[in-house]
Amino acid sequence: MNTIKDAIKSGKTVVGTAGSPSIDVSLLADAGFDFLLFDTQHSAWEIKQLQPPIQAMRGKETAPLIRVAANEAYQICFALDAGARGVIIPMVNTRAEAEAAVRACRYYPVGNRSNAGVRGEWGEFKTYRDYMDAVNKELLIVPMIETNQALENLDAIASVPGVDVLLIGPSDLSIELGVPLDYACDTYQRALDKIAAAAAKHGIAAGMYFIPPGMDPSFFVQKGFKFFTMPWGSWAQAGIRNALAEIKR
Ligand code: 3PY
Ligand code: MG
């Protein structure tokens, strides 16, 4: 019912990209990505304006995910009302914070998600309780690991039922480690290994929010990472250049 969650649960590598308000979402949602990310923390997307672009993805193979601006229940509620198949939550540092995020994603009795009849595209259900039970199970929940405190609490965060991915915020993590944007150094690499090991130990996926510039995605795949966002602009440009070269040959 939630293809992106199914793919992650079955151990597949998933690759998405980030949209922007100036780009027609269909362009990216028809390009084969596993997910399209609406980032309301560090991009121009406004969380209250996401329902129309997410509705435009109806029936596409690409799943809409939203990064909320902060680990706040009301932000998560907006994201789910807009129809997100999964929520990315920045700066989750403790078990209690991870539990609060999961609760905000789920309806009573396992959570405290508020309801007002808006529910995204989850198909037909016999009763409203059936719908609520299904989405309680099917939502993808992705806390971000990007602080020293989170690094100390990896097992505690990864073992919270409902957490699907430990997603690294590459730049914030490097800043907290005292090696700003130095993605190749040993200190940084050791932290990545620790996060990948914690995810593997708890049977969930490890992810990189983005692949640091100049680094090869396969390097992270070999480390066991399974969830990536990739910038699509350079790929689109390369495809256009190739097509033009083909015509003019
Ligand atoms: C980070 O690099 O810290 C992120 O959260 C990506 O935007
Ligand atoms: Mg960050």
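**Note on the predicted model: helix packing, barrel strands and selected residues**

1. In this predicted model, helix α4 (residues 73–81) and helix α5 (residues 95–105) have axes that come within 9 Å and cross at roughly 40°. That angle makes α4 oblique to α5, because only angles under 35 degrees count as roughly parallel. The crossing in which α4 passes α5 is right-handed.

2. The contact between these two helices involves Ala73, Ile76 and Leu80 on the α4 side, and Ala101, Ala104 and Cys105 on the α5 side. Sorted by type, the residues of this contact are six nonpolar, no polar and no charged.

3. Gln75 also belongs to helix α4. Is Gln75 buried or exposed? With a relative accessible area of 11%, Gln75 is buried, since the cut-off for that class is under 20%. Apart from neighbours within four places in sequence, Gln75 is in contact with Ile47, Val68, Ala69 and Ala70.

4. Arg85 sits in the loop between α4 and β4. Its relative accessible area is 14%, so Arg85 counts as buried. With neighbours within four places in sequence left aside, the contacts of Arg85 are Met1, Asn2, Ile4, Ala63, Pro64, Leu65, Glu121, Trp122, Glu138, Leu139 and Leu140. The charged residues Glu121 and Glu138 are among them.

5. The strands form a closed barrel of eight, in the order β1-β2-β3-β4-β5-β6-β7-β8, and the pairing is parallel. On average, and with direction ignored, neighbouring strands of this sheet are turned by 25° against each other.

6. Strand β6 (residues 165–168) can be followed in detail on both of its sides. Towards β5 (residues 140–145), the pairing is parallel and rests on two bridges; here Ile145 has Ile168 of β6 as its bridge partner. Towards β7 (residues 205–208), β6 also runs parallel, and four bridges join the two strands.

7. Which way do the side chains of β6 point? Val165 and Leu167 point one way, whereas Leu166 and Ile168 point the other way. In a regular strand, side chains alternate between the two faces of the sheet. All four of these β6 residues, on either side, are buried.

8. For Met91, phi is near 55°. Met91 is located in the loop between β4 (86–89) and α5, and at 32% relative accessibility it counts as partly exposed.

9. The other such residue is Leu181, with phi near 60°. Leu181 lies in the loop between α9 (170–176) and α10 (186–201). Leu181 is exposed, because its relative accessible area is 52% and the cut-off for that class is over 50%.

10. Where is the cis peptide bond? The bond joins Tyr108 and Pro109, with omega at about 10°. Pro109 lies in the loop that runs between α5 and α6 (128–138).

Note on methods
Residues are numbered from 1 along each chain as its sequence is written. Chains are lettered from A and ligands numbered from 1 in the order in which they are written. This is a predicted model: local features need pLDDT of at least 70, side-chain atom pairs count only at pLDDT 80 or more; totals for chains, interfaces and linings use all residues. Side-chain values use heavy atoms; hydrogens and water are left out. Axes are lines fitted to C-alpha atoms, for helices over the stretch in contact, and angles run from 0 to 180 degrees between N-to-C directions. Angles under 35 degrees count as roughly parallel, over 145 as roughly antiparallel, 65 to 115 as roughly perpendicular and the rest as oblique. A crossing is left-handed if the near helix is turned anticlockwise from the far one by less than a right angle, and right-handed if clockwise. Contact means heavy atoms within 4.5 Å. Two strands pair if DSSP finds at least two bridges between them. Buried means under 20% relative accessible area, exposed over 50%, partly exposed in between (1.4 Å probe, protein chains only).
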